[in-house]
Each structure stands twice: as C-alpha cells, then as structure tokens.
Amino acid sequence: MATRYKVVFDCADPHRLARFWAAALGYVVEDNSALINRLLEAGQVARELVVKVDGRLCWRDMAAIRDPDAPVDEATGVGRGGRVLFQAVPEPKAVKNRVHLDLHVGPDRRAEEVQRLVGLGAKVLHEGNLGGRWTTLADPEGNEFCVA
C-alpha cells in the first residue's frame, strides 16, 4: 500500500503563500473553519491560535491547499488527495531549498505560465536548458521552484 503524504513549506506568512500556491497549482485553500469552530466551542483550542482570513476562521500559523478534484473530509476540511501545508516558523529562509516543486506545463505553455506566476508574485531567477528548457522562479518568500 502506498503511503499518503503532503508537502510542507516553512514560511513567515502561511496564508499569503497558500493563496499564491493555490493559484499557481489550480488548488483551493482548505477551509478548516468547521473543525476550528468545534474545537473552540469545546474549549480544546485557545482563541489566540486562530485568525479570520477571507471571512472565515483559520489557524493563525498554518494554512493548507488541496486538489479540488480529490475527496475532502467535510468535518475537518482536510483534503485526502494532493495537499501542500504552509507553517509559520520564526527564522527566515537562509539558503537554497533542498526540495522544490517542478510544474510541468509543456514547452508551448512555459513562457505564458512563467508570466502568469510572476503576476501572482513570483520572481524569475534563471533559465535552464539541459535537453529541455525550464525556468527557475522564487515564490513570494523566496522558495525556488521550476516551470518546464
């Protein structure tokens, strides 16, 4: 049996990065407000652990995005397919990523997709060509990723 997983980004602003990556990947930001409300009403979490974002309660220090076509647990809002979690950490990014995402859009769409991502807040770092072309970008917090 395969192991389920999610990709986790350490960051300064999890809600900003969740919005960026949801738009970049065609994912949706998870809505955990039903779970948060239940936990608040039961006194199981402190109010200072949550914040309102886009009109709904969210975890202050984390946000996740999910594949909109995959199943979702309605009680928690957690996706059961592809997921990316963004968690706040106190230290800034200091060096190159050891893991990064490659977005495969094809050679005919690469330039257009790079421009769309730049419009969302990404920054082009460099172009590569080793038997195939790609563009390395940085997300709004400097995390590198490639578009091929």
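## Central strand pairings

Met62 stands opposite Gln87 in strand E6. In this predicted model, E5 and E6 pair in the antiparallel sense over five bridges. E5 spans residues 62-66 and E6 spans residues 83-88. A further pairing involves strand E2, residues 28-29, which is joined to E5 over two bridges, also in the antiparallel sense. Here Val28 stands opposite Arg66 in E5.

Four of the five residues of E5 are buried, so this strand is largely enclosed by the rest of the structure.

## The four-stranded sheet

An open sheet is formed by four strands in the order E7-E10-E9-E8, with mixed pairing. Strand E7 (102-103) and strand E8 (123-129) stand at the edges; each has a single partner strand, so one side of each is left without a neighbour in the sheet. Strands of a sheet pair through backbone hydrogen bonds, in either a parallel or an antiparallel arrangement.

Within this sheet, E8 and strand E9, residues 133-138, pair in the antiparallel sense over six bridges. Gly128 stands opposite Trp134 in E9.

## Overall architecture

The protein has three helices and ten strands. Read from the N terminus, its elements follow the order β-α-β-α-β-β-β-β-β-α-β-β-β. Along the principal axes, the C-alpha atoms fill a box of roughly 55 × 35 × 30 Å.

Of the contacts with a separation of 6 or more, 58% are between residues 24 or more positions apart. Buried residues make up 38% of the 148 residues in the protein.

## Nonpolar cores

The largest nonpolar core has 21 residues, and those with the most contacts inside it are Trp21, Phe86, Leu117, Phe145 and Val147. The elements that contribute two or more residues to this core are strand E1 (7-11), helix H1 (14-25), strand E5 (62-66), strand E6 (83-88), helix H3 (110-120) and strand E10 (144-147). H1 supplies the largest share, six residues.

A second, separate core has eight residues, including Ile36, Leu39, Val50 and Trp59.

## Leu117 within the largest core

Leu117 lies in helix H3 and is one of the residues with the most contacts inside the largest core. Leu117 is buried, with a relative accessible area of 0%; the cut-off for burial is under 20%.

Leaving aside neighbours within four places in sequence, Leu117 is in contact with Phe20, Ala24, Leu103, Ala122, Leu137, Phe145 and Val147. Among these partners, Phe145 and Val147 are also named with Leu117 as residues with the most contacts inside the core. The C-alpha atoms of Leu117 and Glu127, ten residues apart along the chain, are separated by 15 Å.

## Surface and charge

The protein exposes about 9000 Å², of which carbon and sulfur atoms supply 52%. There are 20 positive and 21 negative side chains, and the centres of the two sets lie 1 Å apart.

Technical notes: Residues numbered from 1 in each chain as written. Predicted model: local features only at pLDDT ≥ 70, side-chain atom pairs only at ≥ 80, totals over all residues. Heavy atoms only, no water. Core = buried A, V, L, I, M, F, W, Y, C linked by side-chain atoms within 4.5 Å. Buried < 20%, exposed > 50% of the residue type's maximum accessible area, 1.4 Å probe, protein only. Contact = heavy atoms within 4.5 Å. Areas by Shrake-Rupley, 256 points an atom, 1.4 Å probe, with all protein chains shown as cover. Lys, Arg positive; Asp, Glu negative; His and termini not counted. Charge placed at Lys NZ, Arg CZ, Asp CG, Glu CD. Pairing = 2+ DSSP bridges.
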